[in-house]
Amino acid sequence: MNGDGKADAIIFDSNGGWYVSLSTGTSFLPYTQWDTGHGAGSANQFVADVNGDGKADAIVFFGNGNWYAALSNGSSFLPYAQWDSGHGVGSANQFVADVNGDGKADAIVFFGNGNWYSALSTGTSFLPYTRWNSGFGVRSSSQVLGDANGDHAADAAVTYFSPSDWYVALSSGSAFSAFARWQ
């Protein structure tokens with residue numbers, strides 16, 4: 001949260017309170033409240049660096065497709081601002097990850113019909129969303145994003161629990177490639 005390279009403990013409460021316990025490397029410091037009211041009533045909450053400054057920010061998604069971000073200054077969150085609207089209405093899953101490898105986390109949504117849409121971060125907002133893949137993950141049990149091939153851009157992966165197969169669609173920086181079975 002403060003850019004020191006250590007993972008910190010973060011709690012979000014339903015009233016929009018964000019609490020952070022910074023890591024010393026061997027323990028967590030006592031928690032402090034970093035924000036209040038940010039994301040109350042939201043459908044999903046995330047912590048990721050959306051402006052590329054090395055500090056994780058607080059991002060929330062509402063079911064109406066509105067996305068808000070509160071940037072970290074290293075000791076608290078700055079006032080939140082709307083970063084996107086209409087992105088992900090009716091989506092089955094939402095993510096925040098750097099899919100184009102520019103060091104800024106982007107807003108990605110998955111729909112049950114296998115369509116994936118990404119809204120890339122400019123550092124101050126999310127650009128209009130574009131479709132990055134279609135038909136990938138229909139009836140999947142779980143969807144995740146992560147850098148599967150080590151190129152610093154998050155890739156899309158889905159699993160089917162019966163049987164337990166994993167499929168990956170690598171990011172090209174502007175779309176997810178055709179998916180392939182990895183396991």
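## Salt bridges

A salt bridge is a side-chain nitrogen of Lys or Arg within 4 Å of a carboxyl oxygen of Asp or Glu. The structure discussed here is a predicted model, in which local features need pLDDT of at least 70 and side-chain atom pairs count only at pLDDT 80 or more, while totals for chains, interfaces and linings use all residues. Residues are numbered from 1 along each chain as its sequence is written, and side-chain values use heavy atoms, with hydrogens and water left out.

By this rule there are four salt bridges. One of them joins Asp165 to Arg181, with the closest N and O atoms 3.1 Å apart. Asp165 belongs to strand β14 (residues 164-169) and Arg181 to strand β15 (residues 180-181), so the pair ties together parts that are 16 residues apart in sequence. Strands (E, at least two residues) and helices (H or I, at least four) are DSSP runs, numbered from the N terminus. Asp165 is buried at 14% relative accessibility, whereas Arg181 is exposed at 53%. Here buried means under 20% relative accessible area, exposed means over 50%, and partly exposed lies in between (1.4 Å probe, protein chains only).

Another salt bridge links Lys55 and Asp53, whose closest N and O atoms are 3.6 Å apart. Lys55 is buried, at 18% relative accessibility, and Asp53 is partly exposed, at 33%. Lys104 and Asp102 also meet in a salt bridge, at 3.5 Å from N to O. Lys104 is buried, with a relative accessible area of 18%, and Asp102 is partly exposed, at 34%.

## The chain as a whole

The secondary structure comprises zero helices and 15 strands. The C-alpha trace spans about 45 × 35 × 30 Å along its principal axes. Of the 183 residues, 47% count as buried.

## Nonpolar cores

A nonpolar core is a set of buried Ala, Val, Leu, Ile, Met, Phe, Trp, Tyr and Cys residues joined through side-chain atoms within 4.5 Å. The largest has 17 residues, and those with the most contacts inside it are Phe46, Val50, Ile59, Trp67, Trp83, Val96 and Phe126. At least two residues of this core come from each of β4 (44-48), β5 (57-61), β6 (67-70), β9 (106-110) and β10 (116-119). Apart from it lies another core, of 15 residues, which includes Ile108, Trp116, Leu120 and Phe136.

## Buried polar and charged residues

Asp35 lies in strand β3 (residues 32-35). Asp35 is buried yet has no salt bridge, and the nearest side chain of opposite charge, Lys55, is 15 Å away. Leaving aside neighbours within four places in sequence, Asp35 is in contact with Gly16, Gly17, Trp18, Ala70, Phe77 and Leu78; contact means heavy atoms within 4.5 Å.

Asn133, in strand β11 (residues 130-133), is buried with a relative accessible area of 10%. The backbone oxygen of Ser177 lies 3.0 Å from a polar atom of the Asn133 side chain. Beyond four places in sequence, Asn133 is in contact with residues including Asn115, Trp116 and Ser177. Asn115 lies in the loop between β9 and β10 and is buried at 12% relative accessibility. With neighbours within four places again left aside, the contacts of Asn115 include Val109, Phe110, Arg131 and Asn133.

Methods: Lys, Arg positive; Asp, Glu negative; His and termini not counted. Polar contact = N/O pair within 3.5 Å; in protein donor to acceptor, adjacent residues only side chain to side chain.
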